[in-house]
Amino acid sequence: MRRSRLLYVPFWATYAFLYLPIAVLVVMSFNAGESAYTYEGFSLKWYGELAGDERVREGVVNTLIVAVGSTAIATVLGTMLAVGLARYSRSKTLDAIALMPAVLPDLVLAIGLLIFYGMIQLTLGLYSVVLSHALFSMAFVAAVVRTRLTNSDTSLEEASRDLGAGPVATFMRITLPQLGPGIVAGALLAFTLSLDEFVIAFFTIGNAEPTLPIVIYSMIRFGVTPKINALAAILLLVSFTAVIAGQRMTKIGESRAQD
């Protein structure tokens, strides 16, 4: 039975609604004029101005510090959490609690973290943002790694234990190599989430130098300019690259599991 072409209309309309604003943003980042809404010709000058903006450079450095630090913590703890939930616990309640930071609204999580830091009298700074982003990203890493665990071959782990290897040796030599693609995919996802995250960083950074999303927020308060479009286009490129790489690593892990 031949499908009606009208069925494709809502499909393509949805894609246009999602990606047309992004395409417009990227195109306007190459605008030669001063307006963010009127295209006056092709130019790379706004990308050059970004390189000379000290505030943007400091925001990039702070964002990378937070993203790398939180990704490292979230990857280690998220992997351990996934293994513990999959191998040593069958509680749906613990599963729900572990994934709760991923489904809670960012605003609720940010306010809760701010209150918690105040209760323990922790001075806010970049390190508090690192810890907050690690908590937020850890749930995503655990979800990705646990999906990889469900597709892994447990017979190799059983054979390792039968041959006298301890739990640590079995994990390091058997389980961890199998989880490699899932761990890398989770780490890339955590890095992308931290790179673009604004709400939690805004509430937990205190008086420290701001991260890049906070810098962008302070810039757009006075209007959108082509320089902001250029900065957003670079962030889009980094985010898309990390997401595509994470998806690729997930597919590699799935193909290895099937082999």
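Residues are numbered from 1 along each chain as its sequence is written. Because the model is predicted, local features need pLDDT of at least 70 and side-chain atom pairs count only at pLDDT 80 or more, while totals for chains, interfaces and linings use all residues; side-chain values use heavy atoms, with hydrogens and water left out.

The protein contains eleven helices and zero strands, where helices (H or I, at least four residues) and strands (E, at least two) are DSSP runs numbered from the N terminus. Its C-alpha trace spans about 70 × 65 × 30 Å along the principal axes. Of the 259 residues, 35% are buried; here buried means under 20% relative accessible area, exposed over 50%, and partly exposed in between (1.4 Å probe, protein chains only). With contact taken as heavy atoms within 4.5 Å, 72% of the contacts between residues at least 6 apart in sequence join residues at least 24 apart. The accessible surface, from the Shrake-Rupley method with a 1.4 Å probe and, for residues, only the protein chains shown as cover, comes to about 15300 Å², and 69% of that belongs to carbon and sulfur atoms.

Beyond its neighbours within four places in sequence, A201 is in contact with V129, H133, T211 and I214. The C-alpha atoms of A201 and T63 are 9.8 Å apart, although 138 residues separate the two along the chain.

The surface has its own point of interest. L7, Y8, F11, W12, Y15, F17, L18, Y19, F240 and I244 make a nonpolar patch of about 1200 Å². Two or more patch residues come from each of α1 (8-28) and α11 (226-258), and α1 gives the largest share, seven residues. Patch members have over 30% relative accessible area and no salt bridge, and nonpolar side chains (Val, Leu, Ile, Met, Phe, Trp, Tyr) are joined within 5 Å, like charges within 9 Å; a salt bridge is a side-chain nitrogen of Lys or Arg within 4 Å of a carboxyl oxygen of Asp or Glu. F17 lies in α1 and counts as exposed because its relative accessibility is 66%.
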